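This briefing describes the structure shown below, grouped by topic. Please read it with the model in view.

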Amino acid sequence: MGGAKANPGNQSNVSSDILEMSLDHDSGTMSGKIIKGPMQGRELADLSESEFLELLRYCRAQDEDSARLLETYLDRRFGDSWRADDEASDDSGEAGERGAGSTGGPLTENEALDILGLEPGASRDEVIKAHRRMMQKLHPDHGGSNYLAARINEAKECLLG
């Protein structure tokens with residue numbers, strides 16, 4: 001086939017205390033699953049609007065990284081429309097921006113590879129290309145979030161030393 005070295009079906013995964021999220025590199029689609037709490041085991045795609053707001057309140061109370069990750073998912077899926085409902089039910093409309101540069105602790109090499117959608121033994125060039133590709137899709141200026149951009153940068157730094 002063509003000479004391009006694209007890996008169709010590549011995904012990146014990010015986990016927090018409450019959520020597991022995946023990004024399909026080809027489509028830019030995010031999906032997620034709740035791994036802890038009252039809605040444990042449910043897929044984000046199956047939640048109603050009121051359940052999203054309930055989950056967001058739970059995440060904000062229990063784990064800041066989970067709250068930022070859920071906010072990123074909501075932004076990608078609904079744009080800014082969900083924020084009006086969030087502010088109406090909760091006065092902390094800016095909660096997702098506090099500490100947006102902090103992360104959930106140092107990444108392991110396997111976590112960094114997973115975030116960038118790479119296999120063990122990836123070359124320096126592959127790490128740089130994967131980082132660039134992810135930043136183009138998830139940079140805050142392109143509908144991503146400060147949290148995800150920080151994790152992508154941290155993954156690159158972890159793998160390149």
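Helix α1 (residues 49–62) comprises 14 residues and spans 20 Å from its first C-alpha to its last, close to the 20 Å expected at 1.5 Å a residue; the expected span is 1.5 Å times one less than the number of residues. Helices (H or I, at least four residues) and strands (E, at least two) are DSSP runs, numbered from the N terminus. The model is predicted: local features need pLDDT of at least 70 and side-chain atom pairs count only at pLDDT 80 or more, while totals for chains, interfaces and linings use all residues. Residues are numbered from 1 along each chain as its sequence is written, and side-chain values use heavy atoms, leaving out hydrogens and water.

**Faces of helix α1**
- Phe 52, Leu 53, Leu 55, Leu 56, Cys 59 and Arg 60 of α1 are buried, that is, under 20% relative accessible area, where exposed means over 50% and partly exposed lies in between (1.4 Å probe, protein chains only).
- Viewed down the axis of α1, these buried residues fall within an arc of 160 degrees, so they line one face of the helix; the arc is that of the directions from the helix axis to the C-beta atoms.
- An α-helix has 3.6 residues a turn, so residues three or four places apart point the same way.
- Ser 50, Ala 61 and Gln 62, on the other side of α1, are exposed.

**Aromatic pair**
- The structure holds 1 aromatic pair; rings of Phe, Tyr and Trp (its six-membered ring) pair if their centres lie within 6.5 Å.
- The ring centres of Phe 52 and Tyr 73 are 6.0 Å apart with planes at 35 degrees, so the pair is tilted; planes under 30 degrees apart count as stacked, over 60 as edge-to-face and the rest as tilted.
- Because Phe 52 lies in helix α1 and Tyr 73 in helix α2, the pair ties together parts that are 21 residues apart in sequence.
- Phe 52 and Tyr 73 are both buried.

**Arg 68 in helix α2**
- Arg 68 belongs to helix α2 (residues 64–78) and is buried, with a relative accessible area of 3%.
- The side chain of Arg 68 makes a polar contact with that of Asp 65 at 2.4 Å; such a contact is a pair of N or O atoms within 3.5 Å, in which, within protein, one must be able to donate a hydrogen and the other to accept it, and residues adjacent in sequence count only if both atoms are side-chain atoms.

**Whole chain**
- The chain contains 6 helices and 3 strands, in the sequence pattern β-β-β-α-α-α-α-α-α.
- Of its 161 residues, 40% count as buried.
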